[in-house]
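Hi everyone, thanks for coming.

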Amino acid sequence: MPVRRRCLALAAALAVSAIPFGRTQAADQPVIVIGSILPLTGASAQTGAGLRAAQQLAADLVNGHVSYPLPMVGKNGLPHLHARIKLVFADSQGKPDQARAAAEQLITQEHAVALIGCYISSTTATASQVAERYGIPFLNPDSSAPGLTARGLKWFFRSTPSDATFAENFYQFFADLKRTKKVDVKKVAILGEDGLFGTGASDAEEDIGKHRGYDIVTRIAYPATTTEVNAEVQKVKSAAPDVIMMASYLPDALLYMRGFKDQNVQPKAIMAQDAGFIDPGFIKAEGADAEGIFTREVFSLAIKHRNQAVPLIDQLFRQRFGDKSLDGNTARDFMGVLVLADAIDRAGSTKPDAIRTALAATNIPGNLTLMPWKSIKFDAQGQNEGGAGIIEQIQGGKYETVWPFDIATKASIWPMPAWKR
Amino acid sequence: MRPHLLALGAIVVVGLLAVAGVHDAVLLDLLFTLLLYAVLGQSWNWISGYAGNISFGHAIFFGCGAYAAALCVTHGLSPWLAFGLGALVAAALALVTGFPTLALRGHYFSIATIAVAALIDAFVRVSPWLGKANGFELPIAPGWANLQFAQKGPYVVLALALFALVQLATIGLERSRLGYYLRALRANHAAAASVGIDERRWKLIAFAWSAVMASAAGVLYAQYNLFVDPPSTIALAISIDIALIGVVGGIGTLWGPAVGALVYVVLAKGVALKFGGAGKGYDLVIYGAIICLIAALRPRGIVGTVVDAIRRRRGATA
C-alpha cells in the first residue's frame, strides 16, 4: 500500500529532520530576507511566540532537504534562486503605530523583499499600508477582519479566509443540513463582544444572513468584561431564535451559557466563533452542558485525512514549542511562509514586481496545505478565494469535526440536547 | 525667557536640518513620534503639572483630533478642518469634565478623567458612525490638500511646527497671569482663593487649552498612521503613556515633557525596534525600571531635578 510506505518514509524523514537542517552545504548560499511583524510583547505575546515558532519552522523546512507533501519544502532553499530564505522578526507590541514603524524598519534597514504578518487586524492594516507605499509584497496569513482586502491595495495578499467566510460557512452548513437532514433554520440571534473580534464577526453574520434571506431577530453587542447578562439573555429569549451565533471570550461565554440555562433559552443550536468556546476551560466549566455546541475553527488535526503532513508538522512544532500542538493560528502562519517562498521562487527574482506577479499567480491545491482549504489562489483584491473554515461540535466532551463533510470525524447532532437540570 | 527661546530655536533648526539631511525612514519616524509625544506630554503638563490636577484620561483629547481627521477624510472633507473640529470637541469635553470636578479637592478630578475616558471608549465601540471597534482606515492619497505625504519630511516639519507652537505657548503661560494663578493654586489653593483667584475658572481655561493641544497632535497622528481605532487613540494605556512622559520628564517644567518624550521614544519605541524582534521585552523592562527609579528617587522628574540642582548652586554662590 503506497500510503503506508509514504507514511514510513515520512516518519523516517521526521527522525532525520530533528537534526539541524542541512546547515553545512547551505552556508555559502545567498540569503533572501523576509520580514515578519508579530505581537511579540504585550497582551498577545503568547500567541506571537507561537506564530514566530511556526514561521521559523516553515523557513527551516524550506531551507532543509526533507520533503513533505507541502509546497517548497525540502529543496535546500529556493532552487530557482539558489538561495535560502531568512526570516527577520520585528515586534508590533500589538499596536498599529508600532507595527507601521516595524514595517518601515524591515523594508528600509533589513531590505526585506516581502513582509508577512501581523495577526492583529489593526496592526496588519497599518503595516500593509507601509508595504503599499514602498511597493513591497505583503502576505497576511492570519488576520480575519473582512475590510483588510476591501482597501484596493495592490501589494496586499491574504491567505486566510476572513470573518466573512467563517460566517458564510455557518449558513452553508445550514444549507447542507437542510439538504441532508431536512433541518430548517429561519430565525437567527447574533451576540458578540464589542471589540474588534466580536464586531467583525457579528457584522459578517448579520450581513450574510440578511443577504441569504434569514430573519436576524436580534443583534446584541456587549463589553467582554461584563459581569451580568440577564437583560441580554431576556432579549434573546423573547426573540425565540432557532440559532444563536456568538463571538465571545471565555468569561462572557460562560456567563451567557449560565444565563441561557437559568432562563431556559433553548435554541436548536448555538454556533460560536471559536475564541472562548474553544478555550480548554470551556468544556471543563460547562461539563455536560457543553454538549452539542457548535464552533467554527480554522484548523483541526483531523485534516490529516487529507494531508499526512499534518501530524508530522504538528510533531516538529511540538518539539520546538513546549509540546504545544499546532492550532489554527500557528498552522496558518506556517502556510504563509510557504506561500511566500513559493512565490519568490517562481518569481526567480527578488524584484518586488516579479514577486507580486508570482503571488498573484499562486495556485496551491488544498491537499498540499495544512488547512481545510480548497486551494490557495488570490482574487483581484488579494483574498485567497479557496479559503474555508470547518465546523466542530462538542460531542462526548471532545471537539469533533462535523463540517465540511469530507473531513468530518462525526455526524452532527441537531438540535442540540436540552440543558441538563 | 531668552535662553528658552534660544533653545527652542536651536531645536527647530536642528529638526529642519534633520529633515533635509536624514533619509533614514526609521530615524525620521522616531523623530516624528518624539515630537508628537512631546506635544502630548506638554498638553498634559498644562493641567497636571502647572495646575496640579492629574489627568488619567488625556488620550480622549488625542482621540478627538484623530477621530475628527478620520471623519473628515471619510466624509470627503479636508483633514485640515479636523484641527478646528477636533479642538472644539476636545475643549467642550474638557469643560464638561472639568466643570464639576476641577474645584474639588483630592483625587476626584483624576477619577473623573478615568471615568469619562472609559465612557467615551465604550461609546465609540458601539457607535457605527465612529467606526465601532473596527475603527477607520484612511485611504492613501498624498498631497498637501489631503494633509498626507509619501515622504516623512513634511510630517516631521508639521510636528516640529506644532511642538514649537506648544512650547511658545507654554513659555507664554509661565509668564502670564494664568500661569501665575495656576501655580499659586497648586501651591496653596486656600491662600490663592483668599486673594480672589477663581480656581474653577482658571483651571478650566488651562484644561481646555490642554485638550486643544492634544487634539492637534491627534490629527497629525491620524494623518500619519492612516488608521484610527479605540485601542490606539483613546484607550487608558495611551492616557497612561502620556502621563508617564510628563512624570518622567518633570512635572510642571517647561522642558520636562520633551525630555520625558525623548526617554519614552528612545526606550519604548527605539529599543523595541532594535531588540523587540527577540520578543523578550527588554525594552519594557528598562523603561519600567527607569520609571520606578524616578518615582522613588527623583519625584520631580529629570528636568525638575536638574532645575533644583541649578537653583541650589546659584543659591550657594549668591
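So, confidence first: chain A has a mean pLDDT of 89, and 93% of its residues reach 70 or more. pLDDT is the predictor's confidence in each residue, from 0 to 100. This is a predicted model, where local features need pLDDT of at least 70 and side-chain atom pairs count only at pLDDT 80 or more, while totals for chains, interfaces and linings use all residues. As for labels, residues are numbered from 1 along each chain as its sequence is written, and chains are lettered from A and ligands numbered from 1 in the order in which they are written.

Helices here are DSSP runs of H or I with at least four residues, strands are E runs of at least two, and both are numbered from the N terminus. Over residues 14–26 of chain A the pLDDT is below 50. Where pLDDT is low, the predicted coordinates should not be read in detail.

Next, domains, with bounds from an automatic or database assignment. Chain A has domain 1 (2–161 + 301–376) and domain 2 (164–297 + 390–407), and their C-alpha centres lie 31 Å apart. Twelve residues of domain 1 are in contact with eleven of domain 2, contact meaning C-beta atoms, placed from the backbone, within 7 Å.

And how many residues of chain A are in contact with chain B? It's 38, against 27 residues of chain B. Helix 4 of chain A gives the most to that side, with nine residues.

Key:
Two residues are in contact if their C-beta atoms, placed from the backbone, lie within 7 Å.
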